[in-house]
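Biologist: I have a model open and want to go through a few spots in it. Can you take my questions as they come?

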Amino acid sequence: MTKEEKLKYIFNAIKKAYPNKKLVFNDGSPDMPVMIIGEAPGKDEEIQGKPFVGRAGKLLNATLEKLGWKRSDFYVTNIVRYRPQDGMGGTLTPTPEEIEKFRLALEKEIDVVGPKLIVVLGRIAMTGLGIEGSMSSNRGNIIDKKIGEVERKILIVYHPAAILRNMNWEPIFREDLAKIRELI
Ligand code: URA
């Protein structure tokens, strides 16, 4: 089976488990060496069916472009595959239970893609991968962590939505993402 076929298999299993949800899966080729992981789709992602296409995604793309990359140089995914919502249709932060429901599928996705480096965006994705500590102490750090059977390199950076809330952090976000170059 090709990587694409294996991913389809994983995503089909998720579709079966959540037949009534609008699901958002991956973007980019699984042959790219860097896998970017966010928390969950928002409204724009739900509409377009792709991760990181809204305001946070645009900031992520612009920052990657400032560093000389294109978005298509990366494989992009989320830990939770649907938009967590309140009763009024507002977007919520995924709960630990929701993250737990998707953790195994994410591990399998990582296994299939086999990235040289994983970049986690924000606290939710970071804790979802079992990394402890706060964002302020972990950001910019590269750690080795066993995911499934394989030790992976993980770079921890702020979530672009946090940068939209505080543009003073944009240089830090850019500096942290620039570390990708040292690692691939
Ligand atoms: N935030 C995320 O974590 N993921 C997306 O796909 C969009 C916004």
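Modeller: Fine. Val24 is buried, with a relative accessible area of 1%. Keep in mind that this is a predicted model.

Biologist: Where is Val24 found?

Modeller: Val24 sits in the loop between H1 and E1.

Biologist: And what is Val24 in contact with, leaving aside its neighbours within four places in sequence?

Modeller: Val24 contacts Pro41, Glu45, Glu46, Gly49, Lys50, Pro51 and Arg81. As for Ala40, its C-alpha atom is separated from that of Val24 by 8.5 Å, and the two residues are 16 residues apart along the chain.

Biologist: Which loop holds Pro30?

Modeller: Pro30 is in the loop between helix H1 (3-17) and E1.

Biologist: Pro30, buried or exposed?

Modeller: Buried: the relative accessible area of Pro30 is 3%, and the cut-off for buried is under 20%.

Biologist: What does Pro30 touch, not counting residues up to four places away in sequence?

Modeller: Pro30 touches Lys3, Glu4, Leu7, Tyr75 and Val113. Asp176 lies 146 residues along the chain from Pro30, and their C-alpha atoms are separated by 23 Å.

Biologist: Lys3, Leu7 and Val113 are in that list. Which residues of H1 and H4 meet?

Modeller: From H1 there are Lys3, Lys6, Leu7, Ile10, Phe11 and Ile14, and in H4 they meet Phe102, Ala105, Lys108, Glu109, Val112 and Val113. The residues of this contact divide into eight nonpolar, no polar and four charged.

Biologist: How do the axes of H1 and H4 run?

Modeller: The axes come within 9 Å and cross at roughly 175°. An angle over 145 degrees counts as roughly antiparallel, so that is how H1 and H4 lie to each other.

Biologist: Staying with H4, where does Glu98 stand, buried or exposed?

Modeller: Glu98 is in helix H4 (residues 96-113). With a relative accessible area of 13%, Glu98 is buried, because buried means under 20%.

Biologist: What is Glu98 in contact with, leaving aside its neighbours within four places in sequence?

Modeller: The contacts of Glu98 are Val80, Tyr82, Pro84 and Thr93. Arg81 is 17 residues from Glu98 along the chain, with 9.5 Å between the two C-alpha atoms.

Biologist: Different topic. What is the phi of Phe52?

Modeller: Phe52 has a positive phi of about 50°, although it is not a glycine. Phe52 lies in the loop between helix H2 (43-48) and H3, and at 7% relative accessibility it counts as buried.

Biologist: On to H3, then. How many residues does H3 have, and how far does it reach?

Modeller: Helix H3 (residues 55-66) has 12 residues and reaches 17 Å from its first C-alpha to its last. That is close to the 16 Å expected at 1.5 Å a residue.

Biologist: Which residues in H3 are buried?

Modeller: The buried residues in H3 are Ala56, Gly57, Leu59, Leu60, Asn61, Thr63 and Leu64. An α-helix has 3.6 residues a turn, so residues three or four places apart point the same way.

Biologist: What covers the buried residues of H3?

Modeller: The cover includes strand E1 (34-38), strand E3 (117-121), helix H7 (160-165) and helix H8 (170-178).

Biologist: How do the axes of H3 and H8 cross?

Modeller: They come within 10 Å and cross at roughly 60°. That makes H3 oblique to H8. The crossing is right-handed.

Biologist: Which residues of H3 and H8 meet?

Modeller: In H3 they are Leu60, Thr63, Leu64 and Lys66, which meet Glu170, Phe173, Arg174 and Leu177 in H8. The residues of this contact divide into four nonpolar, one polar and three charged.

Notes
Residues numbered from 1 in each chain as written. Predicted model: local features only at pLDDT ≥ 70, side-chain atom pairs only at ≥ 80, totals over all residues. Heavy atoms only, no water. Helix = DSSP H or I, 4+ residues; strand = E, 2+ residues; numbered from the N terminus. Expected span 1.5 Å × (residues − 1). Buried < 20%, exposed > 50% of the residue type's maximum accessible area, 1.4 Å probe, protein only. Contact = heavy atoms within 4.5 Å. Axes fitted to C-alpha atoms, helices over the stretch in contact; angles between N-to-C directions. Parallel < 35°, antiparallel > 145°, perpendicular 65-115°, else oblique. Left-handed = near helix turned anticlockwise from the far one by under 90°. Nonpolar A, V, L, I, M, F, W, Y, C, P; charged D, E, K, R; others polar.
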